[in-house]
Amino acid sequence: MSDSLRKLIIEKPGAWGVFAPVNKRIYFAIALGALSSLLVIVTMVSLAWVVDGLLHSAENIWLWVGLAFLFTVLGLGTKLAAFTVSHLGAFDLEVILRTALSEHLARVPLGFLTQKGSGAITKVIQDDVKTLHVFVADSTPFYGRSVAMPAVTLVLLFAIDWRMALASIGVLAIALVAMSFAMRNFDALATRYEAERENINNTVIEFVQAMPVIRTFDDGSSSFGRYQNALNGFREVFIIWLKQAGVSVKLSMVLLSPLATLLALFAIGAFFYANGSIEFSTWLAILLIGAGLAESIMPLMWLNNFIRKAQASAKRIQELLKSPVLPISDNPQVPADSAIEFDSVSFSYGNRDQNALEDVSFTVPQGTVTALVGPSGAGKSTVAKLIPRFWDVNQGQIRIGGVNVREMTFEVLMNHVSFVFQDTFLFHDTLINNIKLGLPDVTQAEIEDAARAAQAHDFITQLPDGYETVAGDRGTRLSGGQRQRITIARAILQNRPIVVLDEATAFADPENEAALIHALSNLMQHRTVIVIAHRLATIKDADQIVVFDHGKVAESGKHQQLVDQDGVYARLWRSYEEAQGWSLGRRSADPVPHNSESQQQQAEEIQ
């Protein structure tokens, strides 16, 4: 998908700008819809002449019968062709929009996707694109019909009898006045209506997702209360709408129905026919044609709602396509090695004023292990996510092998860095496909070797379907430790020179942790490694420990050196050691012992 096509979609605001890639087919479908409506009108005129011929024994009656049949077939054919063209255009538009959105999102900073939220992005890619698909497929032929048919009908009515034409217009005028009363404060009520509907959806989703918490802590009053409040809000706006527009809408619906116009034309036509001021065939033609006037106006009223939804969806699609992308260098370079250097890096998240990192500088030599430690929120994970350009730094440079990461193509950069996060993600696919993600041509033997190195092969082979076992949605059919080992196998198979481990053993139980540590040691061999860890005992032997505090590098060095400095790391280490000695040896209800003997006894319990 070329960037020029994306620019074409966002060039003109609104739905018709989004339709630009398929606008020729849309206009053709509208034209076919208009032609179909004209053929229907001509068919009605032909039938009037047929009736006139029957009354007056005209010789050319069969000609009019043949023309009526021909125009009927042509009308149905053009209507079918209009919907065929519109549906084909809608399917092409759906492919174009989803491809353009996917390719664009692959180039925006990961931070934008995080802030936007998966729900909002999913709504755009799925729901909004589907809304435009439905509009193009089903509404555009009616659009042509609803514009052409009233105009041509009025022209014919005035040409046949201006008095009857004015009668038709009078009925429509009364209906439109009633509709105008119904449409008072429509935008405000419609906005509130949609907001209340979304509130109900969000409440239902929250209730389903939080079911374990609700069953554990809530008797239903809180969770069901929020749902009931959402229903009450929707009920309130719906009642307001009905009170304001109920009578007007019902009246306008009756008047806009073909029956109302037909009754008016029948009554007035009967009066004129009784006075001899109109021919029966003329009266019949007006009845046949005039009834279609209101029938063609009604879809136009409904189309207004579809157009409003299409405009809202198009606006969200265009806003997403306008989101800024990460710049790509015109002269990309390739790193000389896998050494990493942070040079006076400062960074702030887009929605925050305070910097998450401030003038951060450190170097990770090739083939070494560097641990990043510090209090929660100190900036450790931010450092890790800046390396593959999930975000771009505000100031300074991040270099890999002497090359600024901004001067690399995304393919080169990602071929140098692999990640193992504490929050694992597996696709709803087989384990073998999850392991070989991004490497479709690897062999079964290579996949199994990677799984063995990740300590995953044994538990995989014990599963009923082995490597063909489906992991489930986000890997829910596996335990946390098993999911983590699958992701480690994926990283081992990728065989990239830089590995970033973000608290990879945080949620593992003791048995799984031993397997994970063994798997991670295989992954780290002969690679440049950055480890983010809260369990300080796991990084005591790191080649370098960089300590962060409030977004800055507080100190760096080896374990013992940092402990002797009595700085931030030493404080963290003391807190870590104290935490390791904690136990449940004393109940909270027991009195706190004050004498030395009881203190000695408590110490023995803790040990």
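The side chain of Ser37 reaches the backbone oxygen of Ala34 at 2.5 Å. This is a predicted model, in which local features need pLDDT of at least 70, side-chain atom pairs count only at pLDDT 80 or more, and totals for chains, interfaces and linings use all residues. Residues are numbered from 1 along each chain as its sequence is written, and side-chain values use heavy atoms, with hydrogens and water left out.

Ser37 lies in helix H3 (residues 23-56); helices are DSSP runs (H or I) of at least four residues, numbered from the N terminus. Apart from neighbours within four places in sequence, Ser37 is in contact (heavy atoms within 4.5 Å) with Arg145, Ala148 and Met149.

The table gives two residues by relative accessible area. Buried means under 20%, exposed over 50%, and partly exposed in between, with a 1.4 Å probe and protein chains only.

| Residue | Class | Relative accessible area |
|---|---|---|
| Ser37 | buried | 1% |
| Phe158 | partly exposed | 38% |

Phe158 sits in helix H6 (residues 118-160). Together with Trp162, Leu166 and Ile169, Phe158 makes a nonpolar surface patch of about 390 Å². Patch residues have over 30% relative accessible area and no salt bridge, and nonpolar side chains are joined within 5 Å. A salt bridge is a side-chain nitrogen of Lys or Arg within 4 Å of a carboxyl oxygen of Asp or Glu. Helix H7 (residues 162-182) gives the most to this patch, with three residues.

In helix H1 (residues 3-11), the buried residues are Leu5, Arg6, Ile9 and Ile10. Seen down the axis of H1, these buried residues fall within an arc of 130° (taken from the directions from the helix axis to the C-beta atoms), so they line one face of the helix. Ser4 and Glu11 are exposed on the other side of H1.

Terms used
Patch = residues over 30% accessible without salt bridge, like charges linked within 9 Å, V, L, I, M, F, W, Y side chains within 5 Å. Areas by Shrake-Rupley, 256 points an atom, 1.4 Å probe, with all protein chains shown as cover. Helix = DSSP H or I, 4+ residues; strand = E, 2+ residues; numbered from the N terminus. Polar contact = N/O pair within 3.5 Å; in protein donor to acceptor, adjacent residues only side chain to side chain.
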